[in-house]
Structures are given as structure tokens and as C-alpha cells.
Amino acid sequence: MEEAREAVAVALGCSPHEVVFTSGGTEADNLAVKGITWAARDRRRQVPHLVTTAVEHPAVLDPARWLAERGDVTLAVVPPGADGRVDVEEVLSALRPETALVSVMAANNELGAVNDIAGLAAELAERGVPLHTDAVQAAATLEVDVARWGVAALALSAHKFGGPQGVGVAVLRRGLPVVPLAHGGGQDRGVRSGTFAVGLDAACGAALTAAVSDRAELRPRLVTLADRLAGAVTALEGVQRSGPSDPAWRLASHVHLLLDGVDANALSLGLDAAGIAASGGAACGAGAAKASPVLEACGLQGTPLRLTLGWTSTDAEVDRAIDVLTDLVPRLRTSRGVAAEVR
Ligand SMILES: Cc1ncc(COP(=O)(O)O)c(C=O)c1O
């Protein structure tokens, strides 16, 4: 258990005492968002202000909205740019004297947009405001360094870097007051009670160590694969790559595309039938595809297609995806046109 904690601390540039194993990214985000603002409320005896962004994962946005609905915080939700990135100045302009926490994700799960967490943390440190970052999507391909970034809290999920599902990490810097979500036996400095999930935590530590040592080799390999995939598909008519245009601010693993005049369901069925696991990036409830709040917040239109690559991705798989999309996209457009004419 302690070896796993040590391994995570070494990988993330923090102290083992600051590592809390959780059931995943969702719990780690909830612990930071609720725990830090509740502690601020108790300390200051006033309703704290919480700043987050419109592109956060629901693991951050939902607890933030829930806290605001209960009157536990006042909430500011900062809009992103069209590329999905969050502007440091926009976040700073949302601050108030009673701001107790800012939560901005390190990298967006849909667009793969990477934020300047170190730059934001430095500005916030000057103002005495702690920063939590959801680094769930970042850990596999970006260097996540708690000390260099200067964040007060950080969330990870092991299955995004090769570990098992159902385990994650909350980093909570020393001296940061946090009200626990679960009370009980007082494990982990009382921040997270309950018997440790030793097997899962050990696997998480081992996977993160492996991911960190593979990252330098993995990243350029994924950039080459992703650019080849995006280049071939955007050569088709009416297909554009979304997210940041500067590769420095884009996750190596993500290719996010917007397609004109293609039905989202037909596209997803066609790709599935061809054995390609892809996502529209939209939350699906009861079988009905809903528009993605992230894309709405960015003001993006078109049918979204999110293709992600990982450490197992091969050249042959990218070739296959290119072949399938090159065949499918024009056909779906034609069939839409025919349907429109018949009507
Ligand atoms: C950015 C981000 N945050 C949080 C989560 C939630 O993590 P978990 O499923 O481990 O609870 C995810 C999961 O996909 C994610 O992409």
C-alpha cells in the first residue's frame, strides 16, 4: 500500500502523504470540489465562491451545480474559447474576494484541448486561491507534475493510463483543509475512511509508473498516428478537425472532427458495424443522443466524431479507420440527400 502511494507520489511530483486513493476520477473530483469549499465555508463562516468552466467533466460540473443549488457556494462557470481551451484572464476576471476554489481541467476529454494549468496556478497563488485540476485525460500523454504546476488538488483515474477501472487518485496538498465525503475509521488522515483497496491501489501505482516511463516514447508515436488519421479524414469534403490548432495545446491521443451533413446515428452505426470504436463525444441517455454541452459551450456545430488513440494503437488500425471513413462519410451524405429528395 505504502509502496503504491510512494510510486504515485514520485510519478506526480508530490509527497506520499498528499496521495489519497479513491474509487476513480469521479470521487477524486467530488472530494476536491465539495471537500475544499465545505472546509472554506466552515473556516470563514461565509458562503464561498467557486469558479469552474463550462467544459469540465460532469464529475466536476455536477457537484459544483449541486453545491450552488443547495446554497453551499456561489458559482461562476467560465466559458471556453471555440477550441475548447480556457483563457487564464477569463478565469481571473471571474474571481471574487470570497473565491475559495478554482477548478479547471488539465485537458478536455472531448476536444483534447490542454489548458495552461501552471500559468493559471501561478496567478491564483498570488491571489491566495487554491486550484484543483481534473487531470484524468492528461496523465497518459502529458507530464503531470503537481509541484511544477503549483496546484492545490488534482484528480486522476487509473483506467486512463492502463490501470484497472474503479481506482483513482486525489492529490491534496499538505495543509489544504478538506472536509471528507466519507466518515469512519479515519484512514488517509481522516480524508477518506474505509479499508484500503490494496490490490487496486497497487495496480494504480504500477500502471502510473509504467505510463510515466513510456510517455516520452508514446507521445510522438501518437502524434504521428493522430495527424495521419486527421489529415486523411479532413481531406474528405465537409470534415474539419476541431480543438486547438497548436499541437502544443492538444492531447496526442485525441482526434476530434466535425462533419457537415452526416447523420450522427448513421455514422456511429456504420463505424460500429466496421469494428471501429468511436464516440460522438455526446452523453447518451435512454438511447437518444443529446448534444454535447462541451461543443455547445464552444459554439461548435456539425456532427462530432471523437477518435482516440492509446498505447495499443497501431499503424494498421489507423489505416483501417481511414479506409472505413473514406468509404462511409460520402455514402452517408449521399443517402441523406436521397432521403431528402424522396420526401
Ligand atoms: C475528464 C474526466 N474526468 C473525470 C472522469 C471520471 O473518471 P471515473 O470514470 O474514473 O470516475 C472522466 C472519465 O472519463 C474524465 O474523462
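**View 1. The residue that follows helix 5.** In this predicted model, helix 5 is followed by G128. The phi angle of G128 is positive, near 70 degrees.

View 2. Let us step back to the helix itself, which spans residues 117-126. Which of its residues are buried? They are I117, L120, A121 and L124. Looking down the axis of helix 5, you will find these buried residues within an arc of 100 degrees, so they line one face of the helix. On the other side of helix 5, look for G119 and E126, which are exposed.

**View 3**

**View 4. The shell around the ligand.** Here you can find 13 residues around the ligand. Among them, G24, G25, T26, H57 and S157 come nearest. Which helix gives the most to this shell? Helix 2 (residues 25-44) does, with three residues. By type, the shell holds eight polar, three nonpolar and two charged residues.

**View 5. Confidence along the chain.** The mean pLDDT of the protein is 94, and 95% of its residues reach 70 or more. Over residues 282-288, though, the pLDDT is below 50, and this stretch has nine contacts beyond near neighbours in sequence. Residues 337-343 also have a pLDDT below 50, with zero such contacts in the model.

Terms used: Residues numbered from 1 in each chain as written. Predicted model: local features only at pLDDT ≥ 70, side-chain atom pairs only at ≥ 80, totals over all residues. Near = placed C-beta within 6 Å. Helix = DSSP H or I, 4+ residues; strand = E, 2+ residues; numbered from the N terminus. Nonpolar A, V, L, I, M, F, W, Y, C, P; charged D, E, K, R; others polar. Buried ≥ 20, exposed ≤ 12 C-beta atoms within 10 Å, placed from the backbone. Arc of directions from axis to C-beta. pLDDT = per-residue confidence, 0-100. Contact = placed C-beta atoms within 7 Å.
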